[in-house]
Amino acid sequence: MITTKRLLSAAVLLIAIGGGDGRAGVPQGNAFTYQGQLKDAGVPADGPHNLVFRLFADDNVQVSSDLVKNNYPVTNGLFTVDLDFGPGVFTGDNRALEVQVNGVVLSPRQPLNAAPYAL
């Protein structure tokens, strides 16, 4: 005879194995977090800045629309922004990120590398 205590233990074990939150098997999205450091004449920038992000392939072809972040907060030179260039842009080919700050394109473009994620 199975007792209530055993049923409860079995249910807890199934939840632990299956994840229990319904997200198992759901593919990750396209968004990623980018952290940057801005300096103005060698001094960390502060306050709102107009940022534009562009994604490029190796052949200098832009592979998505601009992502515009106007009046984006920069504190002590640092900012963190979530970027989502949409589906189909990360196909396994090399990509580089171009950042424009207050109308000035920063150089060089930053290569984007694959990174593992944790669930």
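View 1. Buried means under 20% relative accessible area, exposed over 50%, and partly exposed in between (1.4 Å probe, protein chains only). Keep in mind that this is a predicted model, where local features need pLDDT of at least 70 and side-chain atom pairs count only at pLDDT 80 or more, while totals for chains, interfaces and linings use all residues. Residues are numbered from 1 along each chain as its sequence is written, and side-chain values use heavy atoms, with hydrogens and water left out.

**View 2. The surroundings of F79.** Leave aside its neighbours within four places in sequence, and F79 is in contact (heavy atoms within 4.5 Å) with Y34, Q35, G36, Q37, L38, L51, F53, Y72, P73 and V74.

View 3. E98 sits in strand β7; strands are DSSP E runs of at least two residues, helices are H or I runs of at least four, and both are numbered from the N terminus. With 9% relative accessibility, E98 counts as buried. Its side chain makes a polar contact with the side chain of R109 at 3.1 Å. That term means a pair of N or O atoms within 3.5 Å; within protein, one must be able to donate a hydrogen and the other to accept it, and residues adjacent in sequence count only if both atoms are side-chain atoms. Not counting residues up to four places away in sequence, E98 touches V52, F53, R54, F56, V105 and R109.

View 4. Most residues other than glycine have a negative phi, and most peptide bonds are trans. A41, though not a glycine, has a positive phi of about 55°. A41 is in the loop between β2 (39-40) and β3 (43-44), and is exposed at 81% relative accessible area. N71 isn't a glycine either, and its phi is positive at about 55°. N71 lies in strand β5 and counts as exposed, at 57% relative accessibility. Finally, a cis peptide bond joins S107 and P108, with omega about 5°; P108 belongs to the loop between β8 (104-105) and β9 (110-112).
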